[in-house]
Amino acid sequence: MKRIITFGTFDVFHIGHINILKRAKEYGDYLIVGVSSDELNFKKKGRYPIYKEKDRVEIISSLIFVDEVFIEDSLELKKKYILEHNADLLIMGDDWQGRFDWVSDICDVIYLPRTPSISTTEIIEIVKAI
């Protein structure tokens with residue numbers, strides 16, 4: 001069984017999230033998703049997510065093609081998470097291209113193209129402007 005792992009905030013859930021998670025699942029049999037904690041999101045983006053981590057975990061867990069979900073507390077612990085979950089392949093969006101190549105000694109790494117013209121940040125900015 002090939003185990004796939006991916007990570008993200010998945011705030012203001014949209015079609016781009018669905019697309020990348022569905023495509024990630026196509027690479028294996030079991031999809032594991034690390035959802036960024038509220039604190040990690042603040043460290044990465046300088047703001048807290050719109051939806052609390054508990055709600056984001058519930059949203060991701062409800063997807064039929066996701067097999068397991070956990071909270072990611074640190075970007076620096078990627079190797080620990082990969083090993084804990086026995087992942088064979090890390091899949092990330094190509095906006096992270098090259099940034100996780102340092103884990104390639106313990107699993108394969110693939111960067112998938114993002115869905116064009118959609119991002120959580122863009123959606124938040126549009127809503128704020130209304």
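**Exercises on salt bridges, loops and the sheet**

With a relative accessibility of 65%, K54 counts as exposed (exposed is over 50% relative accessible area, buried under 20%, and partly exposed in between, with a 1.4 Å probe and protein chains only). The model is predicted, so local features need pLDDT of at least 70 and side-chain atom pairs count only at pLDDT 80 or more, while totals for chains, interfaces and linings use all residues. Residues are numbered from 1 along each chain as its sequence is written, and side-chain values use heavy atoms, with hydrogens and water left out.

**Exercise 1.** Find the salt-bridge partner of K54 and classify that partner by accessibility.

*Solution.* Step one: apply the criterion, a side-chain nitrogen of Lys or Arg within 4 Å of a carboxyl oxygen of Asp or Glu. By this rule the structure has 9 salt bridges. Step two: K54 pairs with D55, the closest N and O atoms being 3.5 Å apart. Step three: D55 has a relative accessible area of 32%, which means that D55 is partly exposed.

**Exercise 2.** Locate the salt bridges of D11 and D38 in the chain.

*Solution.* Step one: D11 bridges to R47, with 3.7 Å between the closest N and O atoms. This pair links distant parts of the chain, 36 residues apart: D11 sits in the loop between strand 1 (3-8) and helix 1 (15-25), and R47 in the loop between helix 2 (38-45) and helix 3 (53-61). Helices (H or I, at least four residues) and strands (E, at least two) are DSSP runs, numbered from the N terminus. D11 is buried at 2% relative accessible area, whereas R47, at 23%, is partly exposed. Step two: D38 bridges to R56, and here the closest N and O atoms are 2.6 Å apart. D38 belongs to helix 2 and R56 to helix 3, so the pair ties together parts that are 18 residues apart in sequence. Both D38 and R56 are buried.

**Exercise 3.** Describe phi and burial for F10 and V12.

*Solution.* Step one: most residues other than glycine have a negative phi. Step two: F10 has a positive phi, near 60°, and V12 has a positive phi, near 45°. Step three: F10 lies in the loop between strand 1 and helix 1, and V12 is placed in that loop too. Step four: the relative accessibility is 6% for F10, which is therefore buried, and 17% for V12, which is therefore buried.

**Exercise 4.** Which residues of helix 2 are buried, and what do they pack against?

*Solution.* Step one: the buried residues are D38, L40 and N41. Step three: after helix 2 comes G46, with a positive phi near 75°.

**Exercise 5.** Work out the strand order, the edges and the twist of the sheet.

*Solution.* Step one: 5 strands form an open sheet with parallel pairing, in the order 3-2-1-4-5. Two strands pair if DSSP finds at least two bridges between them. Step two: strand 3 and strand 5 (108-112) are the edge strands, each pairing on one side only. Step three: the twist averages 25° from one strand to the next; axes are lines fitted to C-alpha atoms, for helices over the stretch in contact, and angles run from 0 to 180 degrees between N-to-C directions. Step four: strand 4 (residues 89-93) and strand 5 run parallel, joined by 5 bridges, and I91 has I110 of strand 5 as its bridge partner. Step five: helix 1 packs on the sheet, touching strand 1, strand 2, strand 4 and strand 5, and its direction makes about 145° with that of strand 2.

Note on methods:
Contact = heavy atoms within 4.5 Å.
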